[in-house]
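Okay, thanks for coming, everyone.

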Amino acid sequence: MPEDTGVTDRTAPPGSAYAQAVADLDRVRPVAAPGARHQYSSANYLLLGAVVEAATGRPFTDVLAERLLDPIGAVDTVATPAQAAAVPPGHRYVFGRPLAFADAPYDPAGPSYGYIGGPVTDLARFAALHLNDRVGGQTPPLEPGALARTHTPQAPVSPTAAYGLGWRVDERNADLGTTTVWHGGAVSGYHAIVVLLPERERGLVLVQNAHGPFQDDLVVGTGLGAARILAGGEPAPDRGGAGYPALLAGLGAVAAAALVLGVRDAARMWTGRVRPAAPARAAAGAALWLAGCAAVGGAAAVGLPAAAGFDLADVLLWAPDAGWLAGCVAAACAALGAVRIGVAVAAVRPRARL
């Protein structure tokens, strides 16, 4: 299944979450030539969760606990909305500062693709399982070599990196004598990453109670940098994060400019200082202004979120500061467009002179 299917990160009733999501996938066309390239798509893992429920006749989380979590001793894992409600709130970034994420949503169909939480020790047990095929003498009921196959590259992502079966595999620590098998992920207010260094027989897990789409490189880089130290090297210098304040500043500047122009033109109409113009010229000028306002407002409210793989509602959830400013740009542009229509009307109907 492709990216952006619209069936993930939802809050359907727990009993029907998987069935409802699968029904909504009827309208989605699969990616052509599967296996030819990699697309990050949580919907595929959601489908696997639905397959488990259909094959066993039991909730996915029950099967998950029986076949994986309980055998490795991960007994405190969070995998239901009720359990998630007891977890302290995570944080999202608002104008550069972490803000507690009250009432963060939880997808009942999410445990098969990402909505699993718990203490860092449980995640460490999962990492140890992938390094040793067993944890504390316990081995989950898996086929021999199954875990090693998940680390095997399946599709190239770049000249030095590939995607396995749910793992990223790359050569970032090849100079230190080890491949790097890792994956990170986030839900509202939280981020987790697991990094395996197979040749060093070491692994690193890191959970953070803050995340935002514009801070993703930074929070992922924290885990990867720590893993490089664990492998015996020095982390690369931090060069991320500059685009976020620049984006906020740019959106704020555009909104302010549209507001200033709108106030100026409204004042001109109010005081009767609009220059007379022929109807065709006034209409053409208004059309150009409307087109420009629509383009700028649409780019802020639709284009920028879409370029990041979101819609405006997602941005308001994950990065409310950027969402608010994008909404301000759209509103200011709409107001400016309306004012320019008024200017055009006033230009062809000037006030009578005494």
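This is a predicted model: local features need pLDDT of at least 70, side-chain atom pairs count only at pLDDT 80 or more; totals for chains, interfaces and linings use all residues.

So, a salt bridge here is a side-chain nitrogen of Lys or Arg within 4 Å of a carboxyl oxygen of Asp or Glu. With that cut-off, the structure holds 8 salt bridges. Residues are numbered from 1 along each chain as its sequence is written, and side-chain values use heavy atoms, with hydrogens and water left out.

I'll also say buried for under 20% relative accessible area, exposed for over 50%, and partly exposed for in between, with a 1.4 Å probe and protein chains only.

Let's start with Arg-268. Its salt bridge partner is Asp-265, with the closest N and O atoms 3.2 Å apart. Both sit in helix 8 (residues 243-271), 3 residues apart, or about one turn of the helix. Helices, by the way, are DSSP runs of H or I with at least four residues, strands are runs of E with at least two, and the numbering goes from the N terminus. Asp-265 is buried, at 0% relative accessibility, while Arg-268 is partly exposed at 25%. There's a network, too: salt bridges link Arg-264, Asp-265, Arg-268 and Arg-340.

Next, Arg-172 and Asp-170, whose side chains meet in a salt bridge at 3.0 Å, N to O. Asp-170 is buried, with a relative accessible area of 7%, and Arg-172 is partly exposed at 38%.

Now the strands. Two of them pair if DSSP finds at least two bridges between them. Strand 5 (residues 168-170) pairs with strand 6 in the antiparallel sense, over 3 bridges, and Arg-168 has Trp-182 as its bridge partner in strand 6.

What does strand 6 do with strand 7 (residues 190-197)? They run antiparallel, joined by 7 bridges, with Gly-184 opposite Ile-193 in strand 7. The two strands form a hairpin with 2 residues between them, and Gly-189 in the turn has a positive phi of about 95°. As for burial, 6 of the 8 residues of strand 6 (residues 180-187) are buried, so this strand is largely enclosed by the rest of the structure.
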